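Subject: Structure handover and findings

Dear colleague,

Please find below the structure for your records. I would be grateful if you would read the notes that come after it alongside the coordinates.

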Amino acid sequence: MANYSITNNELYHENYKQASNNPKQFWGELAKENFLWKKPWDSVLDFDFSIPKISWFDGAQLNITENCIDRHLKTNANKTAIIFEPNDSNSSSEQISYKDLHERVNKFANVLKSRGIKKGDRVCIYLPMIPELAVSVLACARIGAIHSVVFAGFSSIALATRINDCDCRLLITSDGSYRGKKTIDLKGIVDEALESCPSVKNVLVAKRIHSDINMKEGRDQWLQPLLDDASIQCTPVVMDAEDPLFILYTSGSTGQPKGMVHTTAGYMVYTAYTFKNVFQYKTDDIYWCTADIGWITGHSYIVYGPLLNGATTVMFEGVPSYPDYGRFWEIVEKHKVSQFYTAPTAIRALAKQDLSFVTSYDISSLKVIGTVGEPINEEAWQWYHKHIGQNRCPIVDTWWQTETGGILISPMPNCYEGKPTYATLPFVGVQPVLMDENGHEILESKAEGRLCIKYPWPSIARTIWGNHKRYEDTYFSAYKNYYFTGDGALREENGHYRITGRVDDVIIVSGHNLGTAPIEDAINEHDQVAESAIVGFAHPIKGNALYGYITLKNEYSNQTELQSEINQLITTHIGPIAKLDKMQFTNGLPKTRSGKIMRRILRKIANKDSSNLGDISTLLNPEVVEDIIKNSL
Ligand code: PRX
């Protein structure tokens, strides 16, 4: 039997074995017994990685919001679904019950309908972490519109690129946002973006900072009056299992961001199941994930996973350092948080502060603490374990990706323990493998290689919006019949995995995936820049930071000014998260004879490891290397 709740080591192994030996039976049983369906499936799973084509629960019909909200109303209408904790610690938090959420989502869905939005239309959401963000996501799902949430730290150009890629018809935003001491003019960014987005006919604007903004007639409308007039009843649209639920963009090593498409039923089953077990969620727990809903972590483990389990999920608008570095722990104390899930970069930043920021608060409500987004180094793990977990809470170092929809490798409290820097064992139904340089699966247990997954799990992204060929090329062409993650990993004799990092040109900075190509494109826009190459270098807080090697067209005297112009270009094209920490102006970039930049060499120099660069004599221009080393920062 497929157990929804996995509470010990034996059950984990039993379920793992069943899900691997007989996946269709396992997932069929699990899905049937734990979710609401309008019509059962004809087939649990059909897939062919060589095409690639993957479908789960084909033929079934459902609406995910009925599973997230309606089905909890009978017994739990007054239970808090969402606790909203605002940026300003002096403002009161808001508790939204399942009943309130039902009404708010229905009203919002009716507003969308009144603007002509229907099943299959794309709706862009560009909002700060306020309740309207979660509500609008669910409102889209209620009526079958495909939501595309864009992180509200992205620039107008980045926003426009994402809107145009999937032809959004409507955009939801706010007048502005709070971020610690600062306010950000979101509507101004939207106005700029929409100058080049002809598909957007309607903009709904939530009031957050009450600033004086421009409202374009015929296009922009304040959200609240429309909500006030909307009905609290909205029949959920019947969705096919494989209908797209959302698009979420992630950086690729080259080209435009990739609009990963997640579909309805498989995503629902897998995010619910992983949430329940990785966090060992129990009925009265209060769960808090500090991510932004603009990233996959927020989609799966602030909104969908918790609500599918009838949980109480905290949404935090602010930043860990405001009004001071005790904010996270103040919130843990205030709401008696049981599960706390954050990024290693936040842990590293907090660990640098005085311990009194932690010890001033009672955080004894914590039961499980987690990390996501990048490898966690041993020192940060130990600090987290000792000072936040109080040597008693298990740490779940969860490895997964935008593309995987849910957690694939992670410790599971009560079932098997974590170990510093190890994501440990695969979740039920996940079959990771390591590949060698020749493209063969490494069979020895102790090994290092490229991490692939050899069998589909229900929440794997099904395609890249508008570009299935790119989906195939990126994930299924490096190793035939395997999903390639882009990560390297080590495996111990006991089967535990340690993720070592990206093996492509994606760099993870403060937990955010950044492709090098779009940053280089932004830099190259500067009229003085001839060429540039970006690499990552180890950074004590951010994990990785960006090092840019830049060749200029002419001698340029004011390098400080140039540096700030280049960072401004990056901010305009992508957002401040992609700014360079170091910029070195060079006379040339090391290239192969075919003209390809040798990033391997640049990476070593940026990481102060230039003693062993290998054979550089085959380069087109070996002479530039010495110069680069001499002037390295
Ligand atoms: O390199 C891995 C790293 O983050 C990448 C996925 O990034 P993104 O799609 O933005 O999703 C992040 C949130 C799920 C992975 O390919 N990564 C994520 N979690 C871990 C990690 N690296 C090491 N350990 C982790 N726990």
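The model is predicted, so local features need pLDDT of at least 70 and side-chain atom pairs count only at pLDDT 80 or more, while totals for chains, interfaces and linings use all residues. Residues are numbered from 1 along each chain as its sequence is written, and side-chain values use heavy atoms, with hydrogens and water left out.

Domains

The protein is divided into domain 1 (9-319 + 398-489) and domain 2 (510-630), with bounds from an automatic or database domain assignment. Taken over C-alpha atoms, the domain centres are 34 Å apart. Their contact (heavy atoms within 4.5 Å) takes 13 residues from domain 1 and 14 residues from domain 2.

Pockets and cavities

A cavity is a set of points where a 1.4 Å probe fits but cannot get out; a pocket is an open set with protein on both sides within 12 Å along at least five of seven lines; lining residues have an atom within 4 Å of a point. Grid points are joined across faces, edges and corners, and a volume is the space filled by probe spheres set on the points.

The second largest pocket has a volume of about 410 Å³. Because domain 1 and domain 2 both give residues to its lining, this pocket lies between them. Its lining comprises 22 residues, and Gln-256, Pro-257, Pro-518, His-573 and Ile-574 lie nearest the centre. Helix 6 (156-165), strand 27 (512-515) and helix 16 (516-524) each supply at least two lining residues; helix 16 gives the most, with five. Helices (H or I, at least four residues) and strands (E, at least two) are DSSP runs, numbered from the N terminus. By class, the pocket lining has 11 nonpolar, eight polar and three charged residues. Here Ala, Val, Leu, Ile, Met, Phe, Trp, Tyr, Cys and Pro count as nonpolar, Asp, Glu, Lys and Arg as charged, and the others, Gly among them, as polar.

A search of the whole structure finds one cavity of 30 Å³ or more. The largest cavity holds about 40 Å³ of space, and its lining includes Phe-151, Phe-154, Arg-162 and Trp-295. That lining has seven nonpolar, one polar and one charged residues.

Cysteines

The whole structure contains zero disulfides, a disulfide being a pair of cysteine sulfur atoms within 2.5 Å. For Cys-140, the closest cysteine sulfur is that of Cys-168, at 9.5 Å, which is too far for a bond. Cys-197 is likewise in no disulfide, and the nearest cysteine sulfur, in Cys-124, is 8.3 Å away. Cys-140 is buried at 0% relative accessible area, and Cys-197 is buried at 3%. Buried means under 20% relative accessible area, exposed over 50%, and partly exposed in between (1.4 Å probe, protein chains only).

Two selected residues

Val-430 lies in the loop between strand 20 (395-398) and strand 21 (432-435) and is buried, with a relative accessible area of 0%. Beyond its neighbours within four places in sequence, Val-430 is in contact with Tyr-16, Tyr-270, Leu-408 and Ile-453.

Thr-342 belongs to strand 18 (residues 339-342) and is buried at 4%. With the neighbours within four places in sequence left aside, its contacts include Thr-290, Phe-328 and Tyr-384.

Yours sincerely
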